[in-house]
Amino acid sequence: MTGDTISRELKYDVLIIGGGGAAGRAAIASASAGAKTLVVLKKKLGASGATTHKCCEIAGFNVPGCGDTNDTRETYLKDILDAALNMAKPELAGLLADNAKDRFEELRAWGVHPAEDNGKPIVMKGCYSNYRRGYTIKGHGEPIMHALIAQMQKLGVDIMEESMAVDLLMSGNRCCGALVLDENDRLVLVRAKATILATGGASRVFLNNLNPGDVSGDGYSLAYDNGAELMNMEFMQAGIGFFYPAKSLFNTYLWAGFPKLMNRSGEAFLQKYLPEGISEKDVMLMHCRHFPFSSKDISKYLEIGIQKELEAGGGTERMCVPVSFRHFTDEYIASLEYDADLKQLWPLVKSHFAQQGIDIVDDDIEITCVAQAINGGILIDSSAQSSVEGLFAAGETAAGPHGADRLGGNMMGTCQVFGEIAGRCAAEYAGKTDFVPCSYDLDGSLMLAVLHKNVPVEELTLELQKNAQTKLFICRTEEKLLDMLDKIAELKKRLIGAKDTDKLCRGNLELYHKLNAAYVMTIAAEQRKESRGSHYREDYPEIKEEFSSPIVIKRTGIKL
């Protein structure tokens, strides 16, 4: 028994859990439809979620036809589905293609404008795309979030900052709200007719990642524990990122200048990991097509080579490899025959690093393989509702519009498109239903018990992340994945079986969510005995027709 009590009870038409772009757009749609709306987020509004996290100097937002007159809704959808390799839901990808333009024009009306060059919008060809359709937004998603916040304030959306969902309230297979820990560590029972999970992804499961600290797989874990289906959890965006002296994505166009990769001893190493007949330049030029790691082309040998060199002890003390841009003079860049937009975007890169006090040309720089985003998530329908009645999902928390690989510039659009759909449809659902009588068993709650465990949460989290980095990342094998499942079970046992304490630790709950997310990802990766897009199995390196359907995971039995 925890001895915890409910400090107050609230009632809302729509409860939104999360604080980034998808949550913000859902709140606007819900409130605009007349629903009484509450947003529960773990940090301050504007500082929560991945949207405002500057993991890159720019963000992309795909709008078909904005950069190439031959690009249409149909060509955009084809690019999405081709990249997905049969793992996306075509109807959801179609919704993204249908609504991306309207959502961007809405943002433009709210003050979000693409970066310009000589008075014209900079439009990029994003990862896996065949057309230029990616509006470039300087400052990553920060301008988007500022615009959303202004609209939320106008509409009177209620906000609970520095609060977190402890568990969902359930009545059979219907979600009827959540138990929330508020900013003063008091328990609040939030009853809601409809609930939206928009908590982002789970890349914090991995040691090297470019996600903010509040993105810890909460949505996946809450949904899984309460019976919702999850899909495509083996597919994630991993790639190469700057890791020292600053953290940032290593954007595709930088490979067009052929940066020099070295190990800790200053020796070139990549060639020894390449098949005969393939050169470093071949691999780098192929990686100009997409940032994320993908098993479907020779660009994969960049990430594989870096991972292998790190495993062989060639990395720095930060588990990185040095990279040099000292030959990236203005004259050199101007002389490139193929530049993949490097000439146009190089000034933004230099400015992005200069703002952090770094000279990317002359300073010592280190890179490594990083976890960026999850392509899967909670399985939703065209109204963004999950397999649990009354529970909706949007953004990186939801699955369906993406598959084995995801177009660069699609996540910002996905958050806005499906955030709007989730908010609008949740409000419609709430308008047609009544509050469901439900209570919460405080004394029998595993989640509350976890909050009161006396464990070295940072130590256990680090163990999870180190194991995920070596066993669930880039180069997967049956042996590694089974070892990973054993480690997850061990860590969960150490967490749940620890001694109770009166002290409450939110980090315990975040660790629990990371363990749950890691479990679902590992199970899906073990079941997919092939290599497809972002999922690479060293022991099954080829794509197989027998695995041409998505893997759906659903919990059976009690919470563990």
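Visitor: In S17, which residue is the bridge partner of Val323?

Guide: Strands here are DSSP runs of E with at least two residues, and helices are runs of H or I with at least four, both numbered from the N terminus. Two strands pair if DSSP finds at least two bridges between them. In this predicted model, local features need pLDDT of at least 70 and side-chain atom pairs count only at pLDDT 80 or more, while totals for chains, interfaces and linings use all residues. Residues are numbered from 1 along each chain as its sequence is written, and side-chain values use heavy atoms, with hydrogens and water left out. The partner of Val323 in S17 is Ile365. Strand S17 (residues 365–374) and S16 are antiparallel, with three bridges. Strand S15 (residues 260–261) also runs antiparallel to S16, over two bridges, and there Leu261 stands opposite Val323.

Visitor: Are the faces of strand S16 covered or open?

Guide: In a regular strand the side chains alternate between the two faces of the sheet. In S16 (residues 321–324) both faces are covered, with Val321 and Val323 buried on one side and Pro322 and Ser324 buried on the other. Buried means under 20% relative accessible area, exposed over 50%, and partly exposed in between, using a 1.4 Å probe and protein chains only.

Visitor: What is the strand order in the open sheet of three strands?

Guide: The order is S3-S7-S6, with antiparallel pairing. Strand S3 (58–62) and strand S6 (123–124) are at the edges with a single partner strand each, so one side of each has no neighbour in the sheet. Helix H3 (residues 90–109) packs on the sheet and touches S3 and S7. S3 and S7 (residues 134–138) share five bridges; among the pairs is Phe61 with Tyr135.

Visitor: Is Thr136 buried or exposed?

Guide: Thr136, in strand S7, is buried, with a relative accessible area of 0%. Its side chain reaches the backbone oxygen of Ile122 at 3.1 Å. Beyond neighbours within four places in sequence, Thr136 is in contact (heavy atoms within 4.5 Å) with residues including Ile58, Pro114 and Met124.

Visitor: How many cavities of 30 Å³ or more does a search of the whole structure find?

Guide: Rolling a probe the size of a water molecule over the atoms shows where empty space is left. A cavity is a set of points, on a 1 Å grid over the protein atoms alone, where a 1.4 Å probe fits but cannot get out; lining residues have an atom within 4 Å of a point. The search finds one. The largest cavity has a volume of about 60 Å³, the volume being the space filled by probe spheres set on the points. Among the residues lining the largest cavity are Met236, Phe293, Arg476 and Tyr536.

Conventions: Axes are lines fitted to C-alpha atoms, for helices over the stretch in contact, and angles run from 0 to 180 degrees between N-to-C directions. A polar contact is a pair of N or O atoms within 3.5 Å; within protein, one must be able to donate a hydrogen and the other to accept it, and residues adjacent in sequence count only if both atoms are side-chain atoms. On a 1 Å grid over the protein atoms alone, a cavity is a set of points where a 1.4 Å probe fits but cannot get out, and a pocket is an open set with protein on both sides within 12 Å along at least five of seven lines; lining residues have an atom within 4 Å of a point.
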